[in-house]
Amino acid sequence: ILFILPFVRFMENAFLSAEAIDGDILPPTIQKLMKGYNKYLRPFFDNGPVTVGMSLDIASIDTISEINMDYTATIFLRQRWTDERLCFEGNKSLSLDGRLVELLWVPDTFIVDSKKSFLHDITVENRLIRIFPNGTVLYALRITTTVACNMDLTKYPMDKQTCTLQLESWGYNVNDVMFYWTRGNDSVSGLDTLRLAQYTVEDYYTSVSEAIYETGVTTVLTMTTLMMGARTSLPNANCFIKAIDVYLGICFSFIFGALIEYAVAHFCTLHHPDAAKIISYGHELQRIEDEMNGAVRTITRNSQCPKPQDDDSSLSKCPPTESEPKGERKEQEDQCAKVSYLLKKVVCFLNCCQVENPHYIDNYSRLSFPLSFIIVNLLYWMYYLYL
């Protein structure tokens, strides 16, 4: 009993403190504000995004590491937004205990390039919450964070580095939450009086931009997970190919084919040769072939009949000569024909491989992929259901 009673007393105190936060011991104004308040819904849930103003006070920059390419800073982060559900009558703001933040909606702000961060909690969590009569909420935090900074050390130790501190919303997009600097470049303070051992702060500026991220996992990873899950959740049948394995394999093949199609279309777009060059090249080869054939015929005729002399009328009619064997002439003609044939094949191959417009690949794929998938599905279900 001596050991159980302190434990029961402790649990009772914890329960009372939680109950106090929930509302019974809260001031009447706060109780009225919290009545029907849902902290899981952001302000202006159905009326556009909520705008969150940002300001920073750089308390210190503790270390700048060239080896790890990062810096450690202690900052005071202040965020300000308006929650229409927290409006109340009066002309004075309400300063609340930081632990009451658990009852309110707050932005899910995070530091993008942070390697490690922590919120100071001595003697209590260093958080401030203040509510104004018009529903404006001021939320301040004291954070120490180690942020990555890509450095170019080619001019070390006469180098200049540009390090950033990016703040984003983790789960909301621009349709839900919009960040802005409350006072522009003056929203960041503390750097003017900052003194560092090895570096000097030359300048700083603020900017606002939108980051685009892909949400969910890739389809290939999804199909791989499904295939592995199907194998682990079913009895071992190593000597048999199950119907689900065949279907998932078909789906995986089509997804992989779509990736190959994208790669081919992208490659053809970047390395699209000029079709006119190939056509002109084909005409040039045809002209060369004609000239070669004409040259062969000329050589053959000239070899059969030497040029007549003006002073010898008896040679006006030239008899055929046997100076060049017929087999050698035939061999030359065959070689010229082979070269011409090979050149024609090369030009034909280049014309077949040539894609006049890479967008045609996407247009054909939009038709061929769905039709092929429908045909394969018909064959699959006919085989496994009726055969």
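So, the lining of the largest cavity: its residues split into six nonpolar, no polar and no charged. Nonpolar here covers Ala, Val, Leu, Ile, Met, Phe, Trp, Tyr, Cys and Pro; Asp, Glu, Lys and Arg are charged, and the others, Gly among them, are polar. The lining residues are I30, M34, L96, L100, L103 and L104. A cavity is a set of points on a 1 Å grid over the protein atoms alone where a 1.4 Å probe fits but cannot get out, and lining residues have an atom within 4 Å of a point.

Its volume is about 40 Å³, meaning the space filled by probe spheres set on the points, with points joined across faces, edges and corners. Searching the whole structure turns up one cavity of 30 Å³ or more.

Quick housekeeping: this is a predicted model, where local features need pLDDT of at least 70 and side-chain atom pairs pLDDT 80 or more, while totals for chains, interfaces and linings use all residues. Residues are numbered from 1 along each chain as its sequence is written, and side-chain values use heavy atoms, leaving out hydrogens and water.

Okay, T146. You'll find T146 in strand β7, residues 136-148; strands are DSSP runs of E, at least two residues, numbered from the N terminus. Buried or exposed? T146 counts as buried because its relative accessibility is 8%, and buried means under 20% relative accessible area with a 1.4 Å probe, protein chains only. Setting aside neighbours within four places in sequence, T146 has contacts including D70, Y71, D113 and K115, where contact means heavy atoms within 4.5 Å.

Methods. 1 Å grid on protein atoms, 1.4 Å probe; cavity = no way out; pocket = protein on both sides within 12 Å on 5 of 7 lines; lining within 4 Å. Helix = DSSP H or I, 4+ residues; strand = E, 2+ residues; numbered from the N terminus. Buried < 20%, exposed > 50% of the residue type's maximum accessible area, 1.4 Å probe, protein only.
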